[in-house]
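Here is a briefing on one structure. Look at the sequence and the model first, then read the points below.

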Amino acid sequence: MEPARIHITTYGCQMNRLDSELVQEVLLAAGAEVVDDPARANVLLFITCAVRAHAEDRVFSNIGKLAARKRRQPGLVVGLLGCMAQEHGPAVRRRAPLVDLVCAPGRLADLPDLIAAARAGRPAAALDPSRDASGAAAFAASDAALDAAEIRRTLGPAVPGQAYVVAMRGCDNFCSYCVVPFVRGPERSREPAAVLEEVRRLVGQGARQITLLGQAVNQYAAAQGRDREGAASWRAGRRWDLADLIEKAADTPGLSRLYFITNHPKAFQERLARVFRDVPHVCPYLHMPAQSGADAVLERMNRGYTAAEYLDRVAMVRSARPDVAVASDFIVGFPGETEADFAATCDLVRRVRFSGAFVFKYSPRPATPAARRWADDVPDAEKRRRHGALLALVESIAAEENQAFVGRTVRVFVEELSPRGGQARRLNGRGTSSANPQSATGNPQLRGRTPCRRIVVFDGPPTLVGGETGVQIHRATALTLFGTMQKT
Ligand code: 5AD
Ligand code: SF4
C-alpha cells in the first residue's frame with residue numbers, strides 16, 4: 001500500500017485550530033506525511049464544529065462533493081474529527097456515507113491507528129465516553145495522551161510567533177443552547193506544570209504571543225499545583241486558579257503578549273480582573289460573551305448572571321485597567337426573545353461599547369435543553385433583521401472607539417501579509433486571499449494587531465511577520481486601523 005499522505009481541513013473555533021496542530025503532531029510523530037494540497041492526499045481529515053447547524057451543513061456539503069473523487073480514487077479515506085464526530089458517532093454515515101473514519105475531540109491521539117484501520121477497510125471509530133458515564137475520570141487516559149502530544153508539539157506555522165495552549169478541556173456550564181458540554185465532555189483543568197512547560201517550550205521556539213484556551217477558561221481550577229521541579233504548589237493548601245496560572249506563565253522569559261479566552265461572566269472574579277493591572281505581558285483584551293442583554297433570556301439560556309451583573313464585571317475590569325477592550329458573542333432570536341429583549345441587548349452594547357462582537361442567529365441543536373424545551377419561534381426573517389441591526393450597532397460603536405487611535409502610535413504584533421489590499425475581514429467572517437499589493441514604499445502591506453487585538457494594516461518588510469513594531473495610526477474604520485511604521 002502506498003504511504004499515507006494526509007490533508008487536514010479545519011472548521012470552527014480556536015480550540016479546533018489547536019486540535020489541528022495537535023493532529024499534525026500526532027501524525028508526524030507516527031511517521032505520516034501531511035500535505036498542503038488536498039489533491040495529493042489519500043487521507044482527507046475534517047476537524048469539525050457542531051455549535052450551529054450552519055457549520056455542520058457546510059461540512060456535510062463539502063464531504064458530499066467528494067463522491068466523484070472517491071469513485072476515481074478507491075483507497076481514499078475520509079475522516080470526520082472533532083465535535084461533529086462525537087455528536088453523530090458512526091451514525092454519521094447515514095448523512096455522509098463517504099465517511100470512513102470517526103474520531104472524537106478527546107481521542108485525537110488514536111488517529112494513526114484509526115487511519116491504518118480505515119485504510120485496511122476495517123471499522124475506524126473512536127468516541128469519548130458519554131458524559132454521564134463516570135465524569136472526568138473516564139477521560140483521564142485520553143487526556144494524558146493528548147497532554148503528551150501537546151507538550152511534544154512544535155510551534156505551528158499558522159501565524160508565526162503565536163501559539164494557543166490548552167488550559168482547560170470540556171465544559172460543565174450547560175448553557176441551554178449549547179452542544180459543547182455534550183461533545184467536549186466534562187470540565188477538566190490541565191495540570192499547571194503541563195501548561196507551563198508547554199508555554200516555556202513554545203516561547204523557547206520563538207512564540208512571542210501565547211493564548212491560554214478553555215471554553216470558560218476563567219473557571220480553571222487545578223487540584224494539584226506543582227511547578228516544573230515537582231515542588232508542591234507555591235500557594236499551598238488551595239487550588240490553582242487562572243490568575244495563578246497567568247502569573248506563572250507571564251514569567252516566561254521572551255514572552256511578550258499573554259491572552260486568555262473565553263471568559264464566562266458568571267465566574268469572573270476580582271482576582272482575575274487585577275491581572276490586567278498587575279501582571280506584565282497580560283494584554284488589555286477580554287473576550288467575555290454576554291449572549292444577551294435581557295434578563296429573561298439570560299435566565300432561559302442558563303447563563304447564571306443578569307445584564308446588571310455583566311455590567312458590574314466589565315466595570316470591575318475597567319477599574320483595574322481602563323483601556324481593556326471587551327469583546328463579546330451574542331445570540332439573536334433565542335426562543336421567546338421579544339422585541340423588548342432585543343432592545344435590552346442593544347442597550348447593553350451601547351453601555352459596554354464593545355471593541356467587537358460575533359453575532360449569531362439562534363440555531364437549535366438536537367440534545368440541548370433549549371431545543372428540547374422550546375420551539376424555535378423567532379422567524380428566520382426576524383432573526384436576520386436582528387442580526388443585521390445588532391452587527392451594525394456593534395460596528396458603529398467600534399468605529400467611534402477606533403477613531404480615538406488616530407494620531408497615536410501603537411505596538412503591533414505582525415501576523416501576516418495583508419490578505420486583501422487593506423480591507424480587513426469582517427468581524428464574523430473570513431477574508432479571501434488575493435495578491436498582496438506592493439505600495440509606493442516598495443514594501444507589501446502587513447496585517448497585525450494592537451495589544452487590545454484591534455487589526456492594524458500598514459506597509460512594512462515581510463521579515464516583520466511574527467514580531468512587533470510601532471505603527472502610527474492615521475485612519476480608522478470599524479474593523480481596521482491604518483498607519484505608518486515607525487522608524488526604529
Ligand atoms: N445557536 C447560535 N449560536 C450559538 N452559539 C453557541 N451555541 C449556539 C446555538 N445553538 C454561539 C455562542 C457562543 C459561540 C461560540 O457560538 O454565542 O459563544
Ligand atoms: Fe457552551 Fe456555555 Fe460552555 Fe460556553 S460556557 S461552551 S456557551 S455551555
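Thr262 sits in the loop between β13 (257-261) and α11 (270-278); helices (H or I, at least four residues) and strands (E, at least two) are DSSP runs, numbered from the N terminus. A cis peptide bond joins Ile261 to Thr262, with omega about 0°. This is a predicted model, in which local features need pLDDT of at least 70 and side-chain atom pairs count only at pLDDT 80 or more, while totals for chains, interfaces and linings use all residues. Residues are numbered from 1 along each chain as its sequence is written, chains are lettered from A and ligands numbered from 1 in the order in which they are written, and side-chain values use heavy atoms, with hydrogens and water left out.

**Positive phi values**

- His281 has phi near 80°, a positive value in a residue other than glycine.
- The loop between α11 and β14 (285-287) holds His281.
- His281 counts as partly exposed because its relative accessibility is 34%; buried means under 20% relative accessible area, exposed over 50%, and partly exposed in between (1.4 Å probe, protein chains only).
- Arg353 also has a positive phi in a residue other than glycine, near 55°.
- Arg353 belongs to the loop between α14 (339-352) and β16.
- With 28% relative accessibility, Arg353 is partly exposed.

**Ligand 1**

- Which residues are around ligand 1? They are Val51, Arg52, Tyr177, Gln291, Asp329, Ile331, Phe360, Lys361, Tyr362, Ser363 and Arg365; a residue is near a molecule or strand if one of its heavy atoms lies within 4 Å of it.
- By class, this shell around ligand 1 holds five nonpolar, two polar and four charged residues. Ala, Val, Leu, Ile, Met, Phe, Trp, Tyr, Cys and Pro count as nonpolar, Asp, Glu, Lys and Arg as charged, and the others, Gly among them, as polar.
- Arg52 places a polar side-chain atom 2.9 Å from an oxygen atom of ligand 1. A polar contact is a pair of N or O atoms within 3.5 Å; within protein, one must be able to donate a hydrogen and the other to accept it, and residues adjacent in sequence count only if both atoms are side-chain atoms.
- Tyr177 has a polar backbone atom 3.0 Å from a nitrogen atom of ligand 1.
- Gln291 brings a polar side-chain atom to 2.7 Å from an oxygen atom of ligand 1.
- On its own, ligand 1 has 400 Å² of accessible area, and the protein covers 86% of that. Accessible areas come from the Shrake-Rupley method with a 1.4 Å probe; for residues, only the protein chains shown count as cover.
- Two or more residues of the shell around ligand 1 come from each of β15 (325-332) and β16 (356-361).

**Nonpolar core**

- The largest nonpolar core has 59 residues. Such a core is a set of buried Ala, Val, Leu, Ile, Met, Phe, Trp, Tyr and Cys residues joined through side-chain atoms within 4.5 Å.
- Ile210, Leu212, Ile246, Phe260 and Tyr310 have the most contacts inside this core.
- Helix α10 (residues 242-250) gives the largest share of the core, six residues.
- The core lies between domain 2 (154-283) and domain 3 (286-403), because both give residues to it. Domain bounds come from an automatic or database domain assignment.
- In soluble globular proteins, nonpolar side chains tend to be buried together.

**Buried arginines**

- Helix α16 (residues 380-403) contains Arg386.
- Arg386 is buried, at 5% relative accessibility.
- The side chains of Arg386 and Glu337 make a polar contact of 2.9 Å.
- Arg447 is part of strand β18 (residues 445-449).
- A relative accessible area of 3% makes Arg447 buried.
- Arg447 and Val465 are 18 residues apart in sequence, and their C-alpha atoms are 8.6 Å apart.

**Sequence versus space**

- Gly75 lies in the loop between α3 (67-72) and β4 (77-82).
- Gly75 is exposed, at 54% relative accessibility.
- Gly75 and Arg119 are 44 residues apart along the chain, with 6.8 Å between their C-alpha atoms.
- Pro112 is in helix α6 (residues 111-119).
- Pro112 is partly exposed, with a relative accessible area of 24%.
- Pro112 and Arg93 are 19 residues apart along the chain, and their C-alpha atoms are separated by 21 Å.
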